[in-house]
Amino acid sequence: ARTLHLALAGKEVLRFDSRHPRLTPAELVGERIESVVARGKNLLIDFGVTVLHTHMRMRGAWHIYRDSDPWRRPRRDAEIVIVTEPWSAVGFSIPTARWVRGAERGAPLPGLGPDLVDDSIDTARFVAAIRGLNEPLGVVLMDQGRLGGVGNVYKSELCFMAGVSPFAPCASVDDATLTALIENARRLLRRNLHTKVRTTRPDRGRPLWVYRRRDEPCFHCGTPIEMRHQGDPLRGQAIRSTYFCRRCQHVVG
């Protein structure tokens with residue numbers, strides 16, 4: 001979002017092309033792009049007359065190019081192209097795209113919880129949102145309706161760093177631990193905003209504590225890292241992999 005904003009904000013749209021199946025045609029040539037901002041995992045491009053909302057999920061991406069630059073992904077994957085001078089923004093394989101118009105512009109993402117990287121948000125607000133819930137901590141951390149910004153990598157890493165089981169209900173975790181976990185989440189998310197590789201450890205050669213380290217020894221105690229799936233599709237939750245150290249996180253069962 002920051003890169004797109006620096007390249008596009010204030011620029012006149014010279015061409016707008018879309019072949020996204022869920023994006024209705026829009027005449028934007030001559031309009032000026034006001035801003036590009038992130039809200040949790042969502043991207044909002046404000047054209048003044050309308051806002052383009054996209055979500056990349058696991059496969060989508062926005063790239064910035066000059067006219068002479070070769071594209072780093074196949075042109076067949078390009079679904080949205082926004083041309084300005086001198087930069088063009090290209091959206092590749094974007095699963096979610098829609099226009100936000102009219103009264104909806106005031107609150108374009110009503111189901112999204114507060115963004116963890118927002119400086120104006122008080123940690124106590126996040127703790128209050130999840131305190132006392134009987135749902136598993138790992139599932140709650142990824143509920144974007146409660147906390148905007150935590151993904152699958154951070155979910156596993158944060159629970160490990162806090163020494164708590166991702167399968168334990170939130171109600172069983174004390175406020176001090178929840179507060180420390182949320183503060184750590186905000187710190188890591190802010191730190192990794194400016195890097196291409198997400199890190200939670202100081203060793204960049206082995207940047208993560210548990211994520212995708214199944215059967216490898218825990219860096220703290222040597223116990224093999226395990227992986228278990230979490231999420232209930234019947235409740236609208238995606239089934240995601242959760243990595244953990246049984247010993248360090250006191251996982252039972």
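My entries on a helix, the cores, a strand and the cysteines follow.

**Before starting.** I reminded myself that this is a predicted model.

**Helix α5.** I began with α5, which runs over residues 175–192 and has 18 residues. From first C-alpha to last I got 26 Å, close to the 26 Å expected at 1.5 Å a residue. At the start of α5, I found a side-chain oxygen of Asp-174 within 3.1 Å of the backbone nitrogen of Ala-176. Next I asked which residues of α5 are buried. The list includes Thr-177, Leu-178, Leu-181, Ile-182, Ala-185, Leu-188 and Leu-189. Asn-184, Arg-186 and Asn-192 are buried in α5 too. I then checked what the buried residues of α5 pack against, and got α2 (123–130), α3 (137–141) and α4 (152–162).

**The cores.** The largest nonpolar core has 23 residues. Among those with the most contacts inside it I noted Leu-116, Ile-130, Leu-158, Leu-181 and Ile-182. Two or more residues each come from α2, α3, α4 and α5. Which element gives the most to this core? I found that α5 does, with six residues. I also looked up Leu-141, another of the residues with the most contacts inside the core. Leaving aside neighbours within four places in sequence, Leu-141 touches Leu-147, Val-150, Lys-155, Cys-159, Leu-181 and Ile-182. Apart from this core lies another, of 22 residues, among them Ile-45, Ile-64, Ile-94 and Ala-97.

**Strand β4.** Is β4 (residues 51–55) enclosed or open? Five of its five residues are buried, so I wrote it down as largely enclosed by the rest of the structure. Val-51, His-53 and His-55 lie on one side, Leu-52 and Thr-54 on the other. I then looked up the partners. β3 (residues 42–46) runs antiparallel to β4, joined by five bridges, and Asp-46 stands opposite Val-51. Four residues lie between the strands of this hairpin, where Gly-48 takes a positive phi near 85°. β8 (residues 96–100) is also antiparallel to β4, again with five bridges, and Thr-96 in β8 is the bridge partner of His-55.

**Cysteines.** How many disulfides does the structure hold? I found zero. For Cys-170, the nearest cysteine sulfur is that of Cys-159, 8.8 Å away. Cys-170 counts as buried, at 1% relative accessibility. For Cys-221, the nearest is the sulfur of Cys-245, 3.6 Å away. Cys-221 is partly exposed, with a relative accessible area of 26%.

Conventions: Residues are numbered from 1 along each chain as its sequence is written. This is a predicted model: local features need pLDDT of at least 70, side-chain atom pairs count only at pLDDT 80 or more; totals for chains, interfaces and linings use all residues. Side-chain values use heavy atoms; hydrogens and water are left out. The expected span of a helix is 1.5 Å times one less than its number of residues. Buried means under 20% relative accessible area, exposed over 50%, partly exposed in between (1.4 Å probe, protein chains only). Contact means heavy atoms within 4.5 Å. A polar contact is a pair of N or O atoms within 3.5 Å; within protein, one must be able to donate a hydrogen and the other to accept it, and residues adjacent in sequence count only if both atoms are side-chain atoms. A disulfide is a pair of cysteine sulfur atoms within 2.5 Å. A nonpolar core is a set of buried Ala, Val, Leu, Ile, Met, Phe, Trp, Tyr and Cys residues joined through side-chain atoms within 4.5 Å. Two strands pair if DSSP finds at least two bridges between them.
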